[in-house]
Amino acid sequence: MSTDTPTTAPAVHFENVVKRFGDLEVLRGLDFSVQPGERVTLIGPSGSGKTTILRLLMTLEKVTDGVIWVEGEPLSHMRKGERLVTATEAHLREVRKRIGMVFQQFNLFPNMKVLRNITEAPVHTLGVGKDEAVVRARELLDLVGLSDKEDAYPSQLSGGQQQRVAIARSLAMRPDILLLDEVTSALDPELVVDVLDLLKDIAETTDITMLIVTHEMGFARDVSDRVMMFDSGVIVEDSAPDAMFGEPKHERTQSFLRAVL
Ligand code: ADP
């Protein structure tokens, strides 16, 4: 046993997590932890289970077996004495508030102007006062470079602008943990750089824990503390970005990186 056990709980801890969709075993007993403030990138071929990991953390899916812990609290189950019992909706809502997610397809509310897209959840989910939420939303719009768009509807914005609003919207909830699921995959190439630069900026100026699924290997190398390579629902390699991209050990990682770099 290590004697220098961390005193704070991991931001995220997967304990023997299995996920099946019918007969298809998508995650095969995953064990990993992400420490507070760490930036971890998940890479691997399509279908290897990366998005499912983020969706499980957002409680958009439920584990088949095992336990996911968020900041020391079991997400799928609750502790009752020594026993773990299925978590209540109320418990899940509380834990979920600490996690933000940005999706490939932005998922903005199409019928709401940009400003309201950002204030809606803080006001209705966190109970933040409306004026305070507006002040914060304007700060975030400034951060993402869209101060002049607060009265626009999402359909009036480019994909890159919509994604920057989606990032502002997730930050408005002041999450401890931010999940980024291929956030540039739906963008035209010339819009990708702006979004990646914004994310790098957020990584440099905040201590938000980040789990990132991306095909942008240069970005992964720049922004990550750790990279995990997945294949068929298992982690085949877990290392610092320089080691992962410079000297990948596993044959599966080598062939994957040869194909995408
Ligand atoms: P990745 O993000 O690595 O591309 P995913 O986590 O999206 O992989 O998917 C892993 C596997 O799980 C794929 O084979 C996918 O088709 C399957 N899958 C994901 N979601 C569902 C679902 N809701 N129902 C059935 N199969 C699913």
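1. A crossing of two helices is called left-handed if the near helix is turned anticlockwise from the far one by less than a right angle, and right-handed if the turn is clockwise. With that in mind, in this predicted model helix 3 passes helix 5 in a right-handed crossing. The residues that make this contact are Val-114, Asn-117, Ile-118, Ala-121 and Pro-122 on the side of helix 3, and Val-165, Ala-168, Arg-169 and Ala-172 on the side of helix 5. Sorted by class, the contact of helix 3 with helix 5 has seven nonpolar residues, one polar residue and one charged residue.

2. The angle between these helices deserves a separate remark. The axes of helix 3 (residues 114–126) and helix 5 (residues 159–172) come within 8 Å and cross at roughly 25°. Angles under 35 degrees count as roughly parallel, and helix 3 and helix 5 are therefore roughly parallel to each other.

3. Helix 5 has a further partner in helix 6 (residues 189–205), and the axes of helix 5 and helix 6 come within 9 Å, crossing at roughly 15°. Helix 5 and helix 6 are therefore also described as roughly parallel to each other, and helix 5 passes helix 6 in a right-handed crossing. Here the contact is made by Gly-159, Gly-160, Gln-163, Arg-164 and Ile-167 of helix 5, together with Leu-191, Asp-194, Val-195 and Leu-198 of helix 6. By class, the contact of helix 5 with helix 6 has four nonpolar, three polar and two charged residues.

4. Turning to the strands, six of them form an open sheet in the order 8-9-10-3-11-12, and the pairing in this sheet is mixed. Strand 8 (99–102) and strand 12 (234–239) stand at the edges with a single partner strand each, so one side of each is left without a neighbour in the sheet. From one strand to the next, the twist averages 20°.

5. Strand 9 (residues 177–181) and strand 10 (residues 209–213) run parallel and are joined by five bridges. Within this pair, Leu-178 stands opposite Met-210 in strand 10.

6. Another open sheet is formed by four strands in the order 2-1-4-5, and its pairing is antiparallel. Strand 2 and strand 5 (73–74) stand at the edges, each with a single partner strand, so one side of each has no neighbour in the sheet. Strand 1 (residues 12–21) pairs with strand 2 in the antiparallel sense over eight bridges, and Lys-19 stands opposite Leu-27 in strand 2.

7. Which residues are around the ligand? They are Phe-21, Leu-24, Val-26, Gly-44, Ser-46, Gly-47, Ser-48, Gly-49, Lys-50, Thr-51 and Thr-52. The elements that give two or more residues to this shell are strand 2 (24–34) and helix 1 (50–57), and the largest share, three residues, comes from helix 1. By class, the shell around the ligand has three nonpolar, seven polar and one charged residues.

Notes:
Residues are numbered from 1 along each chain as its sequence is written. This is a predicted model: local features need pLDDT of at least 70, side-chain atom pairs count only at pLDDT 80 or more; totals for chains, interfaces and linings use all residues. Two strands pair if DSSP finds at least two bridges between them. Axes are lines fitted to C-alpha atoms, for helices over the stretch in contact, and angles run from 0 to 180 degrees between N-to-C directions. A residue is near a molecule or strand if its C-beta atom, placed from the backbone, lies within 6 Å of it. Ala, Val, Leu, Ile, Met, Phe, Trp, Tyr, Cys and Pro count as nonpolar, Asp, Glu, Lys and Arg as charged, and the others, Gly among them, as polar. Angles under 35 degrees count as roughly parallel, over 145 as roughly antiparallel, 65 to 115 as roughly perpendicular and the rest as oblique. Two residues are in contact if their C-beta atoms, placed from the backbone, lie within 7 Å.
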